[in-house]
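Open the model in your viewer and keep the selection panel at hand. The tour goes from one selection to the next.

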Amino acid sequence: MSLPHAILTALLEKPSSGLELTRRFDKSIGYFWSATHQQIYRELGKLEQAGHIRALPAPVPVRGQRKEYEVLPAGREELGAWVARSEDPKPMRAALLLRMRAAAVVGAPGLRAELTRHLALHQEQLDEYLAIETRDFPSERSRSEPDRLRHLVLRGGIEMERFWVEWLTGALAELGTE
């Protein structure tokens, strides 16, 4: 996935300013594709130059006023083409796993504490995802295809966090006490 496509997706959901996009990323897309405020603004400029988005005209022009962007037909077409493209899975990059491999060579002081910290962080993220699921996807609600797709993305995050909680719990048990 790329940041421009994440931005196009977010803008198709709701025209927004760069600041609003940053806030929305922190609450949704940012769970699986993070970006800084500067990266978002840089990409907005590139998307605008490419003719994929435009700044909405302000009702009253004011110098320094924040711009709100919307997706143009070319941007929608680009996003649709990207969705239809084939892409192979990317290799996982996990610094914690690399650090554990290094600990096998140089020793592991503090590794158990770091695994415990990661376990708590993954459990916290899992709890947050489950709360979002309960709030946004109650079982009695009939769902449209877009809602089902959003729920599937959330379920993917839930399952990843469950994996990490289970794996870290097992790793800590296997390492025993120091």
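This is a predicted model: local features need pLDDT of at least 70, side-chain atom pairs count only at pLDDT 80 or more; totals for chains, interfaces and linings use all residues.

Start with Ala108. This residue sits in the loop that links α5 (95-106) to α6 (111-136). Is Ala108 buried, exposed or partly exposed? Its relative accessibility is 31%, so Ala108 counts as partly exposed.

Next, select α1 and α2. Their axes come within 11 Å and cross at roughly 100°. Angles of 65 to 115 degrees count as roughly perpendicular, and α1 and α2 are therefore roughly perpendicular to each other. Show the side chains at the contact. From α1 come Leu3, Ala6, Ile7, Ala10, Leu11 and Glu13; from α2 come Leu21, Arg24 and Phe25. By type, seven of these contact residues are nonpolar, two are charged and none is polar.

Now bring up the largest nonpolar core, which has 17 residues. Ile7, Leu11, Leu21, Phe25, Ile40, Leu44 and Ile53 have the most contacts inside it. Two or more residues each come from α1 (3-13), α2 (18-27), α3 (37-49) and β3 (68-71). The most come from α1, which gives six.

Center on Ile53. Beyond its neighbours within four places in sequence, Ile53 is in contact with residues including Leu8, Leu11, Leu44, Tyr69 and Val71.

Last stop: another core of 16 residues lies apart from the largest one. Select Leu115, Leu126, Leu154 and Val165, which are among its members.

Notes:
Residues are numbered from 1 along each chain as its sequence is written. Side-chain values use heavy atoms; hydrogens and water are left out. A nonpolar core is a set of buried Ala, Val, Leu, Ile, Met, Phe, Trp, Tyr and Cys residues joined through side-chain atoms within 4.5 Å. Buried means under 20% relative accessible area, exposed over 50%, partly exposed in between (1.4 Å probe, protein chains only). Helices (H or I, at least four residues) and strands (E, at least two) are DSSP runs, numbered from the N terminus. Contact means heavy atoms within 4.5 Å. Axes are lines fitted to C-alpha atoms, for helices over the stretch in contact, and angles run from 0 to 180 degrees between N-to-C directions. Angles under 35 degrees count as roughly parallel, over 145 as roughly antiparallel, 65 to 115 as roughly perpendicular and the rest as oblique. Ala, Val, Leu, Ile, Met, Phe, Trp, Tyr, Cys and Pro count as nonpolar, Asp, Glu, Lys and Arg as charged, and the others, Gly among them, as polar.
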